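This report examines how side chains pair within one protein chain. Please consult the structure displayed below while reading.

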Amino acid sequence: MLRQLTCLLLPHEHCSLLQSKSIWNTEQTCTLVERILHLDSIDALAAASKTVDSLKTVHSLHAYFLLVGDLEIPIIYHVHRVRDGNTFATRRIDAIQKRNVVFTMTASFQKEEVGFDHQLPSMPAVPDPESLSSTEELQEAHLTSPRLPGTYHNKVATTKVIHWPVEIRLCEHNNSTNYDKRPARSPIVHGSINKLSLLRPLQRFLRYWFRSNGKLSCDENLHRCVAAYTSDHITLNVSLNPHRRKGLKTSSASLCHSMWFHRPIKADEWLLFSVWSPTAYNARGLVIGHMVNRKGEVCHSLSIHLSGKTYKNH
């Protein structure tokens, strides 16, 4: 079972510094969710969550990706206590590698209050998650198709697979058998390279159900961390899809993320995530999305600005 967010206790003069491996409990009994959630925005949010009153939960965050990080080097997260009020608290978090700030984020936390409650109807007409195939099942059918050459099957069979800590079920998927002829250069992360091939070509709108693989603790900030992690899963490609053409190679990188948490989230129960790209210009694309629970309540919204480019294949 996934434990609560934990961190090492540091001397007082260093109490605002956290190493990424210290944020998540690393006991042998922890689930795959916990061991994989070591990403800039998620670790930064977890670090900030450990410095606020336990009654406050994150309601918004704004992050900027400044430099390319090195996965082989530990990341130090410096949490700045900007403000601590009765109802709200604000934190600024810097991710540091080689004495350089590679990522920075501001997060705001709030105690639960009684107030207005309204929303526009937001539950689209989509199949229930139980009626949809998992991405693992879709991928298996995709890779075992006799229409794909044996060389592709062999490439995938010899490539290390790392399973994602969340289960995703696409409401619409690509039935074609187009495949990537480039040699595998890095481990295939189950749900990253593989799920991208399952998206419909030129698709500018994406909907999928998701939940964590395993039961989570009752820590509301942990559920929001998992939701934030999932929202950054395959969203960037929605902005690139309309520009994919034969003979062109696309690439993308996150520039800035903004997220808002509207209502309590249960990330170990099915949530519907809808994502679309309203515009792209000057090598930058915009992605908008929101999550709803099975009651149709809007729990989370986000916007992502990304750098997207196309190149001719040589």
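In this predicted model, Asp53 has a relative accessible area of 31% and therefore counts as partly exposed. The side chain of Asp53 forms a salt bridge with that of Lys111, at 3.9 Å from N to O. Asp53 lies in the loop between helix 3 (40-49) and strand 2, whereas Lys111 belongs to strand 5, so the bridge ties together parts that are 58 residues apart in sequence. Lys111 is likewise partly exposed, at 26% relative accessible area. Through shared partners, salt bridges join Asp53, Lys56 and Lys111 into one network.

In general, side chains of opposite charge can pair when their charged atoms come close. The whole structure holds ten salt bridges, including the three in the following table.

| Salt bridge | N to O distance |
|---|---|
| Lys111 and Asp53 | 3.9 Å |
| Asp117 and Arg263 | 2.8 Å |
| Lys215 and Asp268 | 3.6 Å |

Which parts of the chain does the pair of Asp117 and Arg263 tie together? Asp117 is found in the loop between strand 5 and helix 4 (135-143), and Arg263 in the loop between strand 10 (248-261) and strand 11, so parts 146 residues apart in sequence are tied together. Asp117 is exposed, with a relative accessible area of 63%, while Arg263 is buried at 17%, a value that falls under the 20% limit.

For the bridge between Lys215 and Asp268, the partners lie 53 residues apart, Lys215 in the loop between strand 9 and helix 7 (220-231) and Asp268 in the loop between strand 10 and strand 11. Lys215 is partly exposed at 46% relative accessibility, whereas Asp268 is buried at 9%.

Aromatic rings also pair in this model, and the count is four aromatic pairs. One of them, Phe65 with Phe103, is edge-to-face, with 5.1 Å between the centres and 65° between the planes. Phe65 is in strand 2 (residues 56-65) and Phe103 in strand 5 (residues 100-111), 38 residues apart. Phe65 is partly exposed at 23% relative accessibility, but Phe103 is buried at 0%.

Tyr208 and Phe273 form an edge-to-face pair as well, at 5.6 Å centre to centre and 85° between the planes. Tyr208 lies in strand 9 (residues 205-212) and Phe273 in strand 11 (residues 271-281), so this pair ties together parts 65 residues apart in sequence. Together with Phe210, these two residues form one aromatic cluster.

Technical notes:
Residues numbered from 1 in each chain as written. Predicted model: local features only at pLDDT ≥ 70, side-chain atom pairs only at ≥ 80, totals over all residues. Heavy atoms only, no water. Phe/Tyr/Trp six-rings, centres within 6.5 Å; stacked < 30°, edge-to-face > 60°. Helix = DSSP H or I, 4+ residues; strand = E, 2+ residues; numbered from the N terminus. Buried < 20%, exposed > 50% of the residue type's maximum accessible area, 1.4 Å probe, protein only. Salt bridge = Lys/Arg side-chain N within 4 Å of Asp/Glu carboxyl O.
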